[in-house]
Amino acid sequence: MARNTADLVTQLNVAHHFPHDSLLRYCSSHVSGFPHPPTHFTVSQFGHGQSNPTYLLKVGSHGSLVKHYVLRKKPPGTLLASAHAVDREFQVLQALGAHTKVPVPKVFCLCNDPTVIGTAFYIMEYLEGRIFIDPKLPGVAPENRRAIYRATAKALASLHSANVDSIGLGNYGRRNDYCKRQIERWAKQYVASTREGKPASYPKMFALIDWLRHQIPLEDTSGATGGLVHGDFRIDNLVFHPTEDRVIGILDWELSTLGNQMCDVAYSCMTYVADIGHEKVREGMERSGLSEGIPSLPEYLADYCSLAGRKWPVAEWKFYVAFSFFRAASIHAGVYNRWVKIDSAVRARNLLFDGSNNYRSSDANDLLLGAGLTNLEYGYLCEIMGHSLWAPQVFNCGAPDTGNMEVLLRYGNKEQLQEWLIPLLDGTIRSGFAMTEPHVASSDATNIECSIKRQGDSYIINGTKWWTSGAMDPRCRILIVMGKTDFNAVKHKQQSMILVDVQTPGVHIKRPLTVFGFDDAPHGHAEVTFENVCVPAKNIILGEGRGFEIAQGRLGPGRLHHCMRLIGVAERGMHMMIQRAVGRRTFGKLIAQHGSFISDMAKCRIELESTRLLVLEAADQLDRHGNKKARGILAMAKVAAPNMALKVLDMAIQVHGAAGVSSDTVLAHLWAAARTLRIADGPDEVHLGTIAKLELQKAKL
C-alpha cells in the first residue's frame, strides 16, 4: 500500500540536530510568503530513503493556517567528494519548475552559509500525496497498479524530454562519455569507502569495474542518448496525487546531471531484475512473479519508449543493467561507511582529535585508543587473560565495559565520546549494560518493555532491568539502556539505546544478583528500576529506532571476547586437572595412571584445541567480513566454547573431589562463570537456530 507523505515523518534524529532559531530568522527573510511573525514553528524529519537529511517545517502566525515546507540539507560529518550537492538539486528543480511541465516541487531558496544550520540547505514546497515504497504495490488494485507504472514511465519520459539548453541547464554536465566518467567516479568512491580503517572491499567489484570499462556502448561516447539524467529514478522517489494515479513530484535529484539517459531507464527497472533488501538480494519481480496488474519489463519499457519517442537499446541492455547495480553497490558502500567503521579507533580518532579540541599529545591519543589490534590478534591476549577471573579488570578489558566502549566507538557522536568514552578508556569510571528484563524473555530483544519517551528536549525512561552487569561496581557512572521509543513501529525499529548517568534521579539500584552464589565482584550484576528518569535527548545513541541495529553490532565482538577468554579458562582447568592427577593417589596408583582419566583427558584436549581453532576462525571472519557475514561461525563459537569449557572444568572438579566444589580452588567459580555464558551470551538454542537457518539457506541455493 501507499504511504502518505505525512506518514513518513518521524521525530528529529538527534544526530542531525541544528539550531532552529537561526533557521527561522533565515526563512523569514528569504522564503516568499513565509508567515510573519511566526508564532508556531516545529521541525520533524522524514525517515524514508534520504541520503541528504530531509525535514518537514510547520509554521503558523497568530491563528493563521499552518504552512508546510520541506528543508533538505547535506548530512553532517566528512563526506565523499562531490557527494550530497544540494546546490545542484536546487538548480535543477528551479529550472524544471520554472520552464517545463516536469512534475517537481517548487523551490524557494538556497542557503550556502554553514553558519545558519551547520551545512548548506534549500527550502522547497511540501507535496501532500502518496509514496509507494514497495514496487510490488501490495494492497493496490490491479488496474491501479498498471496505471501507476504507466505514470512512472510517463514521468521519466517527461524529464528526459526537457530541452536543457532552453531552460538554462546546458552546462549542467557533459553529455558524452557519461558512463565512462560514472564508472571512474563510482570506482573511486568505492575505493574511498573501503580503504584502510573502513569496511573491506569485495574483489568481484573490481572485476565488474574492469568488465564495464570494456563494454561501454558507442552511443555513450557520441552523446547520442545525452540529456537530463535524474540519477536515482525509482518509484519510491515519486510523489503521486492523493487520489489519482499520476505523479505530482519527482524527488531526490542529488545525482542528477547531463548524460546517457538509458542509465535512468535501466535503474528504474532494477526491481524487475533483483529485490535488494537490507539483509540480502533476492530474485526480482520478473523471476519471483509479477503482482497482477504490474506490467512486465518489456511492457514497461515499451511504455517509456513510446512516450519518450526512442528505441530500446537491446544489444546494450546488459551493460546498462550491470552498470546500475555497480553504481548502487558503490552508493551503499559509501552510506554504510558513514555509520559503521570496521576500525572503530580510526573513527574515534577522527571525531575526537582532528581539530582544536586536542588536549593530549598525539602519542597520548594513540595510547588512549589502543594498539589497533584485530579481533584475531586480541583473541590470543584474551586467552591469556582468561586464566584469571580478575585479569580483564586489571587490563581494562572486562565486560560489560569493552562492549560499551565498542558501542560508543562505533555509534557515538563526538560529545558522547568526550563525556563517556575517554574516562572509560582511561579506567577512571566503569559502566553497565541494561537490556535484560525480569518479566519478558529478553533473549528476543523485540520483547523489551522498558519505555523511552520523547518529551521536549529530553527522554523519560520507565522500566525494570535485571542482570545489569557492571551496575554494582562503585565506580559505575554510566548505563547503556535499551528500551522502546516507538511501540507501534515495525518490529526491529521500536528499540533505541540511550546513555543514562547512574546518578540521575529515578535510577534505583534495587539489589545485587548472585551467580550460583558468587557476586562477581567488582562489577557485579544488579536489578535496576527506572522511574520517570529524565535524560537529555542528546544522550540517544545514533538516533531513535537504531537500538536493535546497535545491539547486533555489539553482540559480535563483545560475545566473541567471552569465547576467547573461555579458551584460557579451559587451559587453566586442564592445568589444574593434570597437576592434581599426577600428585594424588587412589587405589594404589596416581590418578593420572587410571585408564578412564587418560582417555577423558585426551578427549578434553581434542575438544579444547578444536574449539580454539573455531574461535580464532570466527575472529578472523569477523575482521574480514564483519558481524553479518560472520554470524554463522560466531554462533558456532558461542555454543562450542562454553560447552567445551564446562566439560573440561567438570572433569577438573571431579579429579579434585570435594575440593573442586569448594572455594578453596577457583574451579567452582570458573564453572559458574562458564555455565552462565550459555545464557548470558544468548541461549544455546538461539545460536543453534541461527546455524541451522544458515545451513538450510545454503541448501536452497
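I began with strand β3 (residues 40-46) and strand β4 (residues 54-60), which pair in the antiparallel sense over six bridges. Strands here are DSSP E runs of at least two residues and helices are H or I runs of at least four, numbered from the N terminus; two strands pair if DSSP finds at least two bridges between them. I looked up His40 and found Gly60 as its bridge partner in β4.

The model is predicted: local features need pLDDT of at least 70, side-chain atom pairs count only at pLDDT 80 or more, and totals for chains, interfaces and linings use all residues. Residues are numbered from 1 along each chain as its sequence is written, and side-chain values use heavy atoms, with hydrogens and water left out.

Next I followed the whole sheet. It is open, has six strands in the order β2-β3-β4-β5-β7-β6, and its pairing is antiparallel. β2 (9-10) and β6 (107-111) each have a single partner strand, so one side of each edge strand lacks a neighbour in the sheet.

Then I checked the helices on the sheet. Helix α1 (residues 20-30) touches β3, β4, β5 (67-73), β6 and β7 (121-125), and its direction makes about 125° with that of β6. Contact means heavy atoms within 4.5 Å. Axes are lines fitted to C-alpha atoms, for helices over the stretch in contact, with angles from 0 to 180 degrees between N-to-C directions. Helix α2 (residues 86-99) lies across β5, β6 and β7, at about 155° to β6.

Last, I looked at α5 (residues 178-193) and α6 (residues 203-213), whose axes come within 11 Å and cross at roughly 165°.
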